[in-house]
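Please look over the sequence and the structure below before reading on.

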Amino acid sequence: MKASITHDNKLDLLRSIEIFQLLPEKKLEDLVDECREITMNFGEVLFKEGDVGETMYVVLSGELNVENENSVIAMRGRGEYVGEMTLIENQPRTATVKAAIETCLLEIHKDQFLTHFASNPQALMSLLKTGSHRSRENLKALDQGMKILKAQKKVNSDLHHLLDDTTNEIYIFDAEFYHFFNLNSRAIKNLGYESNETVKMMPFDVMSGMTQEKFEELVRPLRSNTVEEVVFNGFHRRKDGSTYPVEIRFKYQETETPPVFIGMAQDISKIKELEHINDSLIFFDDLTGLPNKHLILKELNSELLRAKMENKSVAVLLMDLDDFKIINDSMGHTVGDNLLKGVAERIKDWSSSNCRLAKYGGDEFIIIISKIKHEVQVEHKATSLLKLFNEPFQVNGQPVHIGLSIGISSYPSDGRDGSALLKNADTAMNVAKSNGKNQYCHFNSSMETHAKNRLTLEGDLRKALVQNEFALYYQPKLELDSETIIGFEALIRWNHPTRGLVSPLDFIPMAEKTKLIIPMGEWVLRTACEQIKTWLDTGLSIQNIAVNISPCQFGQSDLVSMIQNIIQETGIHPENLELEITESVLMEDAKSATIQLKQLSAIGIKLSIDDFGTGYSSLSYLNNFPLNNLKIDRAFVKDITCEEDASLTKAIVGMAKALNLKTIAEGVETKEQKEVLRSIGADIIQGYLLSKPIPAEEATKLLSCP
Ligand code: C2E
Ligand code: MG
Ligand code: MG
């Protein structure tokens, strides 16, 4: 009669078994669907001792006897399993297993097992560790066996069977002198002794680093009956001196005469090895369940081989979520994690059969598209991927918007091996980011040159300060009322030995990224202050020099004291110095910046908001800071002669006045612009109309003969 066990029953049963609990529900269902169910009649043999098999069996109903030389040494009932160690360790079966009654089993073959467990290394590990769980069971069986056998006075031969029916090492030794009574064959084999050599030996002879005192300390709780079992993790030492890691469980048998300790050791080298090579074993991302970098790189290589043979093209799409860090930091890691899961799901649902998706890094995903006939297919894919992100993700009950930047490289045009394709896709992705994010970008060789140039530029920048390659230029500021030059803005220039003059727009961002802006900013301040001193000492009339301060410099706790020192050392008045800061300084870390700005203002230094209108452009909060001037960005000056633009700029000037701020208009290039600015009430102008930024000598001339 065939036992009728429903799919759901089987599922429940697997769920109740510890190792299967580690598998996702979907995989459990697959396992139940795929695996054969077998029914055994009473007495039928499942496998014999010494057999080699690659299958484990889960008991769905009925009962199995685990036998050794015709003695039953253990039983396995519903929800228990047999044969798992063989599956993993490839060792012959250590016992004979027969049906005790009519029994129904789920047969899980090694291949099925690995398909489902390989994606979950924890499950694999846990299964390996069940060895120790089985040890506990063996110990119980051993206890019982000893009692029964003693009663039957058949101690010697049968005890051997019991001891030998296990992949664990077992040793029994007397509790007074610690001499071994018995070692099972596995222990003798593993330790590399002959059985007659172990007679006078003690457990600490085989436990690396163990002494009698330490051992007594270890087993004291057993003697005092406070625990039933003591577990020790350490090393066994073989006869030849080599060691291997073991987990040993000790029990105390006080009722024996004489009382004995039983040690049951499991060689855990495999587990340790597995832990060691864990990284290479883990092919899947824990959070999203997607293949990880490791696996996708293997797949990319085999995909490239196939493409080579079939003369097809392969595309690599490297994707990075835009501003994920901001979401993660501001909304918390749970939201971040759930967002990543949502993104993974959405892309997975979108993927077609020629796409392989993987999680590449923290917030990076990768898709390999194979069998491409035309480039345009890839562009279509990239466009539709971007569209996926139009809709927000529902994360923890709230909608979260996020964009995606995609870098694309194709085989064979952009690289012939995996690493070249990935590198180039990464370069293209960075270009997509710097072009404004939420877009895709196909690699081309000029990007590579650009990336290389940037790298060399970064190296050169590090040397520039030491080699005195920087110069400070000065651009005059004109007060409209008095029509006089009241000061200059100091602007850095880099005289590159081979490239010539490099624009600050090209190297300031790099200097900020590499923190070189700190010493560079200090050099600018010192040079500017020395210049004012020179001008004032030679009797030239000038109110101040404005120096640009990068937001990075506000991150430095000693900014205020550094500026103070320079003022003191150069002997100028604080009012001679103006600092230009951008709105981002006020917005990003308002609290610490406020303190620093208040200190600077208290000293008497003038403060200006630079490039107003290009950032947050909120006038209301400016009130919270001790500012003196507002520099209107040249974008608001450019078309000021057109009425509409003039009214916008007029509004800014008006509001600045209300906040008691003087306005400095940047980028004034024509007389017309100057006159409109005068008419709407701007105070100061700066721009090519007066002069481009010029070296100190030229600026001196300008001051001397206006
Ligand atoms: P910024 O502070 O807004 O400086 C004004 C920029 O506008 C300067 O560019 C200047 O040459 C340019 N400019 C001035 N008048 C006109 C004009 O009439 N028409 C046009 N089209 N442009 C004009 P520059 O010198 O290339 O500096 C660019 C930016 O680099 C500066 O913008 C500033 O943010 C930064 N920078 C320059 N020197 C330093 C420095 O020493 N430290 C820091 N942290 N940043 C600096
Ligand atoms: Mg400026
Ligand atoms: Mg500016």
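## The negative patch

In which helix is aspartate 8 found? Aspartate 8 is found in helix 1, residues 7-16, where helices are DSSP runs of H or I with at least four residues and strands are runs of E with at least two, both numbered from the N terminus. This is a predicted model, in which local features need pLDDT of at least 70 and side-chain atom pairs count only at pLDDT 80 or more, whereas totals for chains, interfaces and linings use all residues. Residues are numbered from 1 along each chain as its sequence is written, chains are lettered from A and ligands numbered from 1 in the order in which they are written, and side-chain values use heavy atoms, with hydrogens and water left out.

Together with Glu29, Asp33 and Glu34, Asp8 forms a patch of negative charge on the surface; such patches are made of residues with over 30% relative accessible area and no salt bridge, like charges being joined within 9 Å, and a salt bridge is a side-chain nitrogen of Lys or Arg within 4 Å of a carboxyl oxygen of Asp or Glu. Helix 2 (residues 25-34) contributes three residues, the most of any element in the patch.

## The two magnesium ions

The magnesium ion (ligand 2) is held at 2.0 to 2.2 Å by Glu489 (OE), Asn548 (OD1), Glu580 (OE) and Asp610 (OD), donors being N, O and S atoms within 2.8 Å of the metal (3.2 Å for Na, K and Ca). Along the chain these donor residues have the spacing E-x58-N-x31-E-x29-D. Distant parts of the chain are linked here, since glutamate 580 lies in strand 25 (residues 577-581) and aspartate 610 in strand 26 (residues 606-612), 30 residues apart.

Aspartate 610 in strand 26 and glutamate 666, in the loop between strand 28 (662-665) and helix 26 (671-680), are 56 residues apart. Aspartate 610 bridges the two ions, ligand 3 and ligand 2, which lie 3.8 Å apart. Aspartate 610 counts as buried because its relative accessibility is 7%, and glutamate 666 counts as buried at 10%; buried means under 20% relative accessible area, exposed over 50% and partly exposed in between, with a 1.4 Å probe and protein chains only.

## An exposed loop residue

Arginine 416 lies in the loop between strand 19 (404-411) and helix 16 (418-434), and it counts as exposed because its relative accessibility is 55%. Although arginine 416 and lysine 308 are 108 residues apart in sequence, they are 9.3 Å apart in space, C-alpha to C-alpha.

Conventions:
Patch = residues over 30% accessible without salt bridge, like charges linked within 9 Å, V, L, I, M, F, W, Y side chains within 5 Å. Areas by Shrake-Rupley, 256 points an atom, 1.4 Å probe, with all protein chains shown as cover. Lys, Arg positive; Asp, Glu negative; His and termini not counted. Charge placed at Lys NZ, Arg CZ, Asp CG, Glu CD.
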